[in-house]
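Please open the model in your viewer and follow the stops below. Each one says what to select and what is there.

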Amino acid sequence: EILPCMDHKRRAMSYFCTKCSIVPRGILPLVVYATYPARSTQMLDDGTVMKITMQMHGEKEEISFRAPSPNVLQLLDSIRAKMDMEF
């Protein structure tokens, strides 16, 4: 299980995984894409590779992974757009 947690002033995001979790391969980049506010994305290799650049706790990190399908990206964009809505 991956749990994104934002601080009470909505300025910092941390991610927590339980030690006994089995995370499906490739899920963390998608969680970061959908929930992390301080990130930029770039499509490489004709849209087959996605590169995410982010800064966590003062350290810049870049991850590249196989780009998800356009349907998955649309769903993730929808999740991101509604992250600050109350339910």
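**Stop 1: helix H1**

Select H1 and look at its buried residues: Pro29, Leu30, Val31, Val32, Tyr33, Ala34 and Thr35. The helix is mostly covered, with seven of its nine residues buried. Keep in mind that this is a predicted model.

**Stop 2: the largest nonpolar core**

Next, select Tyr15, Val32, Tyr36, Met50 and Ile52. Among the 16 residues of the largest nonpolar core, these touch the most other members. Now colour by element: strand S2 (13-17), helix H1 (27-35), strand S4 (49-56) and H2 each supply at least two residues of this core. H1 gives the most, five residues. In soluble globular proteins, nonpolar side chains tend to be buried together.

**Stop 3: Val32**

Centre on Val32. Which residues does Val32 contact, leaving aside neighbours within four places in sequence? They are Tyr15, Arg39, Ile52, Met54 and Met56.

**Stop 4: Tyr15**

Move to Tyr15, in strand S2. Is Tyr15 buried or exposed? Its relative accessible area is 18%, so Tyr15 counts as buried, the cut-off being under 20%.

**Stop 5: the surface**

Finish on the surface with Leu75, Ile79 and Met83. They form a nonpolar patch there, with about 260 Å² of accessible area together. Met83 sits in the segment after helix H2 (70-81). Met83 counts as partly exposed because its relative accessibility is 37%.

Conventions: Residues are numbered from 1 along each chain as its sequence is written. This is a predicted model: local features need pLDDT of at least 70, side-chain atom pairs count only at pLDDT 80 or more; totals for chains, interfaces and linings use all residues. Side-chain values use heavy atoms; hydrogens and water are left out. Patches are made of residues with over 30% relative accessible area and no salt bridge: like charges are joined within 9 Å, nonpolar side chains (Val, Leu, Ile, Met, Phe, Trp, Tyr) within 5 Å. Accessible areas come from the Shrake-Rupley method with a 1.4 Å probe; for residues, only the protein chains shown count as cover. A salt bridge is a side-chain nitrogen of Lys or Arg within 4 Å of a carboxyl oxygen of Asp or Glu. Helices (H or I, at least four residues) and strands (E, at least two) are DSSP runs, numbered from the N terminus. Buried means under 20% relative accessible area, exposed over 50%, partly exposed in between (1.4 Å probe, protein chains only). A nonpolar core is a set of buried Ala, Val, Leu, Ile, Met, Phe, Trp, Tyr and Cys residues joined through side-chain atoms within 4.5 Å. Contact means heavy atoms within 4.5 Å.
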